[in-house]
Amino acid sequence: MINSKRLRFRIIIPVFPNFNIYSFAASTTTSVGPIYVATSASKLENWDVEVIDENNCHGKFFKMDKNRIIDHVQLQNERPADVIGFYGSISSSVPRLYQLAALYKKMGAITIAGGKHIENLPEEALSNSIDFVVFKEGELTTRELLLHFENKMKLENIDGIGFLRSNKLFKTKDRELIHDFEKLPLPDFNLMLYARMKYYPINRTRGCNSKCEFCAVRDKARCSSPQRMINQVKHLVETRNAKHFFEASDHFAANREEAIEFCRLLADYQKKIKKRLVFTVQTRITDARYPELLKAMREANIDTICIGYESPIDEELLSMKKGYLSKDLIKWTDTFHK
């Protein structure tokens, strides 16, 4: 247990390898999941919470090496953290995550980690200097873990975690997925240290209704309301002068009617403030079949769409259970361009 009166929880997003699909924007944005977890944890009475994204770090208060990797020893000396959380959804960044976990363990910190890679390979994480693995969504689980470190909660009563007991993985019972997103605070980007934000990630949908063979996202899609989504946008525009947004849901139009309603709210808000906001979303190529959705997205200034073109080979598309063939990709791509 930790006995100091004031405690610090630091979440670290490990640096990507030299080339990554997100490299073009990594130094001006961040991953939204850690911000949600940090915001939830920041509501605890005795904890100071911060997020450091190694991909978007422009610190002046500690030196960087020639590869612009943070000197975490100096950082920990200047801003000692009691608990370190690691974001482990992107497998290519996990070797760096384990390297940092070992370093922080040597400096006496407790380490926890979550994300798709970690939750699918918990034994690997626990054998690489991670003390606790968080499964699925982390907001409530991480809060309860921090309360445990204050000696206010028993480990066995915390759903959704894994740790070593007698050198074997011990898992508590699964935590129920969050459905009422109104109970969560809006993400607080002020918790990020040393970052320069241009593209603000926001998220309306968790999970995905598709069943693509290769994908780790298996939970049924759950959506927050269009009104909550536009409230996030308004909050960031009014408090941080945000102009560029990345909607990080795996499928923006998982609930098509609500996606259209959000687009209408977004278009109306831009008219009201007389500003053009620029949006990027992730969606499925099959959404080209719905002209009302495309029209609403265009009117809302959603001008960039990220689509997974997993293969142009029909046999591979069938084996991945995508539900379409290469000729459909060509037809629907043309529709999006038009």
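Which residues of the largest nonpolar core touch the most other members? In this predicted model, that core holds 62 residues, of which Phe9, Trp47, Leu145, Val233, Phe245, Phe252 and Phe279 touch the most other members. Helix α8, spanning residues 256-273, gives the most to this core, with six residues. For Phe279, when neighbours within four places in sequence are left aside, the residues in contact are Ile202, Val233, Phe245, Phe262, Leu266, Asn301, Ile302, Asp303 and Thr304.

The cysteines were examined next. With a disulfide taken as a pair of cysteine sulfur atoms within 2.5 Å, the count of disulfides comes to zero. The sulfur of Cys223 has its closest cysteine sulfur in Cys208, at 10 Å, and is therefore too far away for a bond; Cys223 is partly exposed, with a relative accessible area of 23%. Cys263 is likewise in no disulfide, the nearest cysteine sulfur being that of Cys223, 13 Å away, and Cys263 is buried, with a relative accessible area of 1%.

The crossing in which α1 passes α6 is right-handed. On the α1 side the contact is made by Tyr36, Val37, Ser40 and Ala41, and on the α6 side by Glu139, Thr142, Arg143 and Leu146.

Key: Residues numbered from 1 in each chain as written. Predicted model: local features only at pLDDT ≥ 70, side-chain atom pairs only at ≥ 80, totals over all residues. Heavy atoms only, no water. Core = buried A, V, L, I, M, F, W, Y, C linked by side-chain atoms within 4.5 Å. Buried < 20%, exposed > 50% of the residue type's maximum accessible area, 1.4 Å probe, protein only. Helix = DSSP H or I, 4+ residues; strand = E, 2+ residues; numbered from the N terminus. Contact = heavy atoms within 4.5 Å. Left-handed = near helix turned anticlockwise from the far one by under 90°.
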